[in-house]
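Dear colleague,

Please find the structure below, together with its sequence. My notes on its charged side-chain pairs follow.

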Amino acid sequence: MSNSILAEPSPWVKKFTSLIPAGEVLDLACGGGRNSQFLLAEGFTVTCLDRDDSSFADLASRGAKTILHDLEPDAEECDWPFPPACFAAIVVCNYLHRPLFPRLLESLQQGGLLIYETFAMGNEQFGKPSSPRFLLQAGELLRQVNTNPESCMHVIAYEEGFIAEPKPAMVQRICARKAVGSTPEDKLPF
């Protein structure tokens, strides 16, 4: 299948895209680029980071900045290549490396948005990932968003449980703004 075919973006990302402020968006562990392609089509400036560059030519041709980088030198460390307060939003789907959370939050600008969705315990009954290393514990994503005491995050939405589409899975997902309290921009898109 060609990378130029637009795969469906995460419904969670689509739901909260309207809340992303102006500025650069990081699609972390972008994989095939389904969320990046959607964000680019919506007019955002997008930086795509992954340790596999197989989708980069297509993403670059659409206007994305691409960065080939391995964030995980080992299970306990992270190699974070970005400075503080450089992104208006960070999108992460189907990726978990716990040591990254404080760096993710630090790299959001004040008022920046984190849209995060990944697998949770119980997913092993549906296939991969099945290792506890790659599955969030109950309520963990909500706790992780508060790992950096210098990054006050306001949770706009949080969900935990079973999804049937695009394939059966147990997930946790969050949308949170780096700010003190909510703003009028945080109108829920329901």
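With which residue does E117 form a salt bridge? The partner is R173, and the closest N and O atoms of the two are 2.8 Å apart. A salt bridge here is a side-chain nitrogen of Lys or Arg within 4 Å of a carboxyl oxygen of Asp or Glu. This pair links distant parts of the chain, with E117 in strand 5 (residues 108-119) and R173 in strand 7 (residues 169-178), 56 residues apart. Helices (H or I, at least four residues) and strands (E, at least two) are DSSP runs, numbered from the N terminus. Salt bridges with shared partners join E117, E159 and R173 into one network. E117 and R173 are both buried; buried means under 20% relative accessible area, exposed over 50%, and partly exposed in between (1.4 Å probe, protein chains only).

Please note that this is a predicted model, in which local features need pLDDT of at least 70 and side-chain atom pairs count only at pLDDT 80 or more, while totals for chains, interfaces and linings use all residues. Residues are numbered from 1 along each chain as its sequence is written, and side-chain values use heavy atoms, with hydrogens and water left out.

The count comes to 6 salt bridges by the rule above. Among them is that of R98 with E140, whose closest N and O atoms are 2.5 Å apart. R98 lies in the loop between strand 4 (87-93) and helix 4 (101-106), and E140 in helix 5 (residues 140-144), 42 residues apart. R98 is partly exposed at 24% relative accessible area, whereas E140 is buried at 7%.

Yours sincerely
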